[in-house]
Amino acid sequence: MTTPLRLGTRASALATTQSGHVADLVRERLGLEVELVEVSTEGDVNRAPLASMGGTGVFVSALRDALLDGRVDLAVHSLKDLPTTPADGIALAAIPLREDPRDVVVARDGLTLGELPVGSRLGTGSPRRVSQLAALGLGLELQGIRGNVDTRIRKVREGEVDAVVLARAGLARLGRLDEVTEVLDPLQMLPAPGQGALAIECRTADTDLVASLAQLDDPATRAAVTAERAVLSTLEAGCSAPLGALAEVVEGEDGEELWLRAVALSEDGGLSVRMSATGPVTEAVRLGTRLAGDMLDEGAADLMTAPPVRKQHA
């Protein structure tokens with residue numbers, strides 16, 4: 001009997017659901033058996049604001065350590081949590097088909113963002129969301145919160161906050177889309193680079209496994225998130241910085257092309273650099289790098305600060 005592959009995952013409900021989805025893909029499409037191995041990460045045990053811990057990588061490093069020391073054979077991450085710098089000995093073997101990357105509102109009484117009264121308390125732990133919400137000028141009181149999906153939604157149900165903003169992808173994977181009161185248009189709220197996508201990593205030296213997992217890769221998803229992450233890398237911003245980016249494969253005059261949008265904002269949302277660009281699907285890195293360079297020329301570097309989220313008025 002073949003020894004099952006050990007798939008490293010964080011222990012949260014969302015992480016194990018995402019990892020279970022990948023495990024099912026491995027079983028169904030590759031014919032390999034898989035077992036989940038829970039790994040505790042710094043982001044799970046440290047309840048400080050993510051920005052104060054460096055943001056990027058706090059959910060990733062422990063899983064990568066488990067890969068490198070042989071405790072697990074592959075690991076699943078939310079792609080938006082991955083640092084843009086490659087890790088020695090680790091291969092990003094596959095990026096499966098992406099979930100809807102948009103943000104959503106879960107609010108009391110079924111309210112939308114625009115229907116929340118001035119002064120309503122909205123919870124989010126993301127400087128990116130804080131900045132873009134503040135830029136909308138809705139007069140909301142923004143409160144920094146941490147916790148898993150259930151914890152955040154419970155804060156709404158118990159009246160601690162009037163609404164929270166979450167990633168639609170996580171709620172879709174958990175089967176909780178019925179609790180969403182509004183899906184936010186990217187014109188209002190650009191998501192984090194890579195949001196909605198999963199990353200499957202394994203050891204670079206396991207060449208057979210790298211080749212097998214590559215069959216789970218979705219080319220359009222990889223192209224889109226590669227462009228978004230090139231913006232992130234070029235602007236040298238962590239995932240908790242006030243930066244949003246979204247790329248989509250669209251039909252152009254000469255066939256499929258990438259349409260990339262990005263925004264960098266000051267913490268209070270009062271200043272922003274917002275740009276878009278299109279380019280060949282095969283040149284995702286070049287497109288993202290070029291767009292980020294244009295944003296730097298327009299002063300984006302002066303906006304790229306990511307202090308811890310604090311209570312403030314939009």
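**A chat about the chain and its cores**

Guide: The secondary structure of this chain comes to nine helices and 14 strands, and the model we are looking at is a predicted one.

Visitor: How much of the chain counts as buried?

Guide: Of its 314 residues, 52% count as buried. The chain exposes about 13,400 Å², and carbon and sulfur atoms supply 48% of that area.

Visitor: And what share of the contacts with a separation of 6 or more comes from residues 24 or more positions apart?

Guide: Such residues account for 68% of the contacts in that class.

Visitor: Let's go to H8. How many residues does it have, and how far does it reach?

Guide: Helix H8 covers residues 219-234, which makes 16 residues, and it reaches 22 Å from its first C-alpha to its last, close to the 22 Å expected at 1.5 Å a residue. The helix is followed by Glu 236, whose phi is positive, near 55°.

Visitor: How are E11 and E12 arranged in their sheet?

Guide: They belong to an open sheet of three strands with the order E11-E12-E13 and antiparallel pairing. The edge strands are E11 and strand E13 (272-280), each of which pairs on one side only, and the twist averages 15° from one strand to the next.

Visitor: How many bridges are there between E11 and E12?

Guide: E11 and E12 pair over ten bridges in the antiparallel sense, and Leu 243, for example, has Ala 264 in E12 as its bridge partner.

Visitor: Which helices lie against that sheet?

Guide: Helix H4 (residues 127-136) packs on the sheet and touches E11 and E12, with its direction making about 80° with that of E12. Helix H9 lies across E12 and E13 and runs at about 155° to E13.

Visitor: Now the nonpolar cores. Which residues have the most contacts inside the largest one?

Guide: The largest nonpolar core has 22 residues, and those with the most contacts inside it are Val 231, Leu 235, Leu 258, Leu 260, Leu 291 and Met 295. At least two residues of this core come from each of H8, E11, E12, E13 and H9.

Visitor: What does Leu 260 touch?

Guide: Leaving out residues up to four places away in sequence, Leu 260 touches Ala 227, Glu 228, Val 231, Leu 246, Ala 247, Met 275, Ser 276, Ala 277, Leu 287, Gly 288 and Leu 291.

Visitor: Which residues does the second core include?

Guide: That core is separate and has 18 residues, including Leu 5, Leu 74, Ala 94 and Leu 198.

Visitor: Switching to strand E10: why is it described as largely enclosed?

Guide: Six of the six residues of E10 (residues 198-203) are buried, so the strand is largely enclosed by the rest of the structure.

Visitor: Which strand pairs with E10 over five bridges?

Guide: That is strand E3 (residues 74-78), which pairs with E10 in the antiparallel sense, and His 77 has Ala 199 in E10 as its bridge partner.

Visitor: And how many bridges join E4 to E10?

Guide: Four bridges join strand E4 (residues 90-94) to E10, and the two run antiparallel, with Ile 90 standing opposite Arg 203 in E10.

Note on methods. Residues numbered from 1 in each chain as written. Predicted model: local features only at pLDDT ≥ 70, side-chain atom pairs only at ≥ 80, totals over all residues. Heavy atoms only, no water. Expected span 1.5 Å × (residues − 1). Pairing = 2+ DSSP bridges. Axes fitted to C-alpha atoms, helices over the stretch in contact; angles between N-to-C directions. Contact = heavy atoms within 4.5 Å. Buried < 20%, exposed > 50% of the residue type's maximum accessible area, 1.4 Å probe, protein only. Areas by Shrake-Rupley, 256 points an atom, 1.4 Å probe, with all protein chains shown as cover. Core = buried A, V, L, I, M, F, W, Y, C linked by side-chain atoms within 4.5 Å.
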